[in-house]
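Here are my notes on the model you sent over. Have it open while you read, and tell me if anything looks off.

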Amino acid sequence: MLITNIKTLFGVREETKFLRGKEMASLPAIDNAFLQVEEEEIIRYGSMDQLDLSEFSDQENIDAAGQFVLPAWCDSHTHLVFAGSRESEFVDKIKGLSYAEIAQKGGGILNSAALLRDTDEEDLFQQSWRRLEAVRAMGTGAIEIKSGYGLSVEAELKMLRVVKRLKETSPLHIKATFLGAHAYPMEYKDDPQAYVDLVCNEMLPKVAEEDLVSYVDVFFEKGFFDAKATKQVMDAAQKYGLKGKLHANQLSNSGGVQFGVENGLLSVDHLETMGEEEIKALLGSETIPTLLPSAAFFLRMAYPPAREMIDAGLGVALATDYNPGSSPSGNIPLLIALSCIQMKMTPEEAINAVTINGAHAMEVQEELGSITVGKKANLIFTKPMNSLAYLPYSFGENLIDKVMVKGQF
Ligand code: NIG
Ligand code: FE
């Protein structure tokens, strides 16, 4: 398949390394470009001047005149598998309750866990499938999905089997994460250690045995899991060869960033509450700071200090955190707009953060996240616009014309 007359082809890279500091500002591009796809892969690209069309007479030709083409988004942090929705809590929040107060009342994560337990696997799959198809239409080509609304052996496995079925059914690249340590179920309120033991000694072995996940995550936060519990879960994960990710520094500056760096975790995610110490800890480490500004937007919290972090030389990834409680949206174009408007990231920085850097945060950088020969043909075709900055500028407008995943629209 040959795509011709692309107004500008963005995210063209020979190297696929993680971008840090000033490197994040550059989004390499070719104007008036072509791109050739064979089966699932990008096999060649360049400027239209270099193209001898007679060589391609028997190829399917797609004319992309007036359109930008970008690598599809890599959303490295979501909870896309969940049951129902929580808009009544949303209204409670408007009326003055905080996220932490709602959780205290048995709302929040526990509310979603109760809904999920009453939803059968087929229904849970259908609900999740609709969300996955919706994010694909907005340009997502790879996605990480966490468990964590089961909170019992059986229900955590149900969630992860749904993720497995999504993987088998969808062309999207899906990575699964076990987040059994997301909240303490009510019945463990008086003996939280017993729940941590259940996560480590019963859930994790089963999850590993069925080969259901790539990563293990913990909600490291006051009122949720502390350093000791988190360490126990991460040590158990290591026994099964699973890397760690962490919900860190969301509601309070609780030492999650330092924990992640000291324990060599793949990423520390959220980071609404950060100081200079946390930025220093991340510099010189391989742990990827992943910012989730749609959660800050939805919970009316301060945004992560993206500008300070990038100016200090850090690379960041951006992800949606798609979940029913703190970010009921998997819309990456909107996430890019929020990042530019509220965190002063440039459009190029934001796009790099949800393409190549997002790919690193879910370890798919060898196959996805840039326009590179040999990578999967996961491509976004935009509607006509003058410059790429129009995408976050005209926030809320659907500017995605079509999306190709592994060579198919
Ligand atoms: O990433 N912070 C913890 N977990 C989710 C929210 C979960 C929920 O409220 O359902 C998050 O924001
Ligand atoms: Fe999350």
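1. Start with Arg 86: an N or O atom in the side chain of Arg 86 is 2.8 Å from an oxygen atom of ligand 1. Keep in mind that this is a predicted model. Asp 321 also has a side-chain N or O atom 2.8 Å from an oxygen of ligand 1, and for His 79 the corresponding distance is 3.3 Å.

2. How much of ligand 1 does the protein bury? On its own, ligand 1 exposes 320 Å², and 100% of that is buried by the protein. As for location, ligand 1 sits in the largest cavity.

3. On the surroundings, 15 residues are around ligand 1. Tyr 99, Tyr 149, His 182, Gln 250 and Ser 326 are the closest of them.

4. Now the metal. The iron ion (ligand 2) takes NE2 of His 77, His 79 and His 247, plus an OD atom of Asp 321, at 2.1 to 2.2 Å. So that you can find them in the sequence, the donors follow the spacing H-x1-H-x167-H-x73-D.

5. Why look at His 79 and His 247 as a pair? His 79 is in the loop between β6 (73-75) and α1 (87-94), while His 247 is in strand β10 (residues 243-248), so the two tie together parts that are 168 residues apart in sequence. Both His 79 and His 247 are buried.

6. Two residues deserve a second look, as they turn up in both sites. His 79 and Asp 321 coordinate the iron ion (ligand 2); His 79 also has its 3.3 Å contact with ligand 1, and Asp 321 its 2.8 Å one.

Technical notes:
Residues numbered from 1 in each chain as written. Chains lettered and ligands numbered in written order. Predicted model: local features only at pLDDT ≥ 70, side-chain atom pairs only at ≥ 80, totals over all residues. Heavy atoms only, no water. Donors = N, O, S within 2.8 Å, 3.2 Å for Na, K, Ca; no water. Helix = DSSP H or I, 4+ residues; strand = E, 2+ residues; numbered from the N terminus. Buried < 20%, exposed > 50% of the residue type's maximum accessible area, 1.4 Å probe, protein only. Near = heavy atom within 4 Å. Polar contact = N/O pair within 3.5 Å; in protein donor to acceptor, adjacent residues only side chain to side chain. Areas by Shrake-Rupley, 256 points an atom, 1.4 Å probe, with all protein chains shown as cover. 1 Å grid on protein atoms, 1.4 Å probe; cavity = no way out; pocket = protein on both sides within 12 Å on 5 of 7 lines; lining within 4 Å. Sits in = over half its atoms within 2 Å of the grid points.
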